[in-house]
Amino acid sequence: MARATLADVAAAAGVSVPTVSKVLSGKKHVSAATRDKVLEAVRTFGYEAPRPPSAPRVGIVDLLIDGLGSPWAQVLLSGAEKAAARWGYSLVVSSSARPDFDLRRWIGMVRKRGTDGIVLVLSRVDQSEIAAIGELLHVPLVLLDPVGQRDPRISTVGATNWLGGVMATTHLLESGHKRIGFIGGPLDVQCTLDRYEGYLAAHRTFGIDPDPELTRYGDFLVGGGKKHGADLLARDDRPTAIFAGSDLQAAGVYQAATEHGIRVPEELSVVGFDDSPLCEMLSPPLTTVRQPLEDMANEAVRLLSEELTHPRGAAGTRIELATTLVVRSSTAILP
């Protein structure tokens, strides 16, 4: 198939070629409706506006992340900083969780100072926004722990979330638990769905039908874990174990258990997900599924470097790194 041209995009969007150029270069004086039509045509045709070969490298990699306060984010940032230095870049970190954050303004700022590539760690972003970042900045993008459906043109780095769900749930089932609660993250986030599918698959392997009333969807944060944990633990037929979709949510379950006078692990086993430094701080230390966050960050920066070196070959790579179960003291065998 012939490579799409600006004229193809312009014809599909019903605009002129100069208008398409304005949109892709991020210039003003283009209406939001026109911009959306052009970007939709770009996605439909798979048009790529590569960075000009003469564009100088600036030695910067940008990382745009939802928030910086969680232990999960801190491990990831540490890994990204080490990786950027290893591959010869300085790392610039921006948080989209700031109340005043505006994606278009951020894109304009990055365009003005320049960047060699961008790692996105966003749980709330749609494909049109991702496409806008790539198309307006003309630099490689890598999605880390991606959300939603995968765009085959964009490289992604993730972990084996489904297998992690299987391992966490299998550990509890092997310990004799048959009523296992599941508290995931947001329902529209892919890793939540993958971990839940792993939870279901483990039950099928043991020939057990999980009670759908024991499933909740939270926000990956302590508050969500506490809220949904309290809801589950207030039931007359409460679960004897809970698989939380993050270590923070598991910490919230601990709080709910304490308020209900339920001891961990004697009366409730808890498994988290991530293996952040928080796990060793909790009492008892948390059994969890380890994501290799530093390795994931390193792979994301490495992919950016490869795409800069081989712009026609590396884009669209998918890397999944293995998760592992780390057993500590928050789970117990039922008597």
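Here is a short chat about the cores and a strand of this predicted model.

Visitor: Which residues have the most contacts inside the largest nonpolar core?
Guide: Those are Trp-106, Ile-118, Leu-120, Ile-133 and Leu-137, in a core of 28 residues.

Visitor: And which helices and strands supply at least two residues each?
Guide: Helices H1 (6–13), H2 (17–25), H3 (32–45), H5 (103–113) and H6 (127–137) do, along with strands S3 (117–121) and S4 (141–144). The largest share comes from H6, with 5 residues.

Visitor: What is Trp-106 in contact with, leaving aside neighbours within four places in sequence?
Guide: Trp-106 is in contact with Ile-118, Ile-133 and Leu-137, and also with Asp-62, Leu-64, Ser-94 and Phe-101.

Visitor: Which of them point which way?
Guide: Ile-118 and Leu-120 point one way, and Gly-117, Val-119 and Val-121 point the other. In a regular strand, side chains alternate between the two faces of the sheet.

Visitor: What does S3 pair with, parallel or antiparallel?
Guide: S3 runs parallel to S1 (residues 60–65), joined by 5 bridges. S3 also pairs with S4 in the parallel sense, over 3 bridges.

Visitor: So what sits across from Leu-64 and from Ile-118?
Guide: Leu-64 has Leu-120 of S3 as its bridge partner, while Ile-118 stands opposite Leu-141 in S4.

How values were computed: Residues are numbered from 1 along each chain as its sequence is written. This is a predicted model: local features need pLDDT of at least 70, side-chain atom pairs count only at pLDDT 80 or more; totals for chains, interfaces and linings use all residues. Side-chain values use heavy atoms; hydrogens and water are left out. A nonpolar core is a set of buried Ala, Val, Leu, Ile, Met, Phe, Trp, Tyr and Cys residues joined through side-chain atoms within 4.5 Å. Buried means under 20% relative accessible area, exposed over 50%, partly exposed in between (1.4 Å probe, protein chains only). Helices (H or I, at least four residues) and strands (E, at least two) are DSSP runs, numbered from the N terminus. Contact means heavy atoms within 4.5 Å. Two strands pair if DSSP finds at least two bridges between them.
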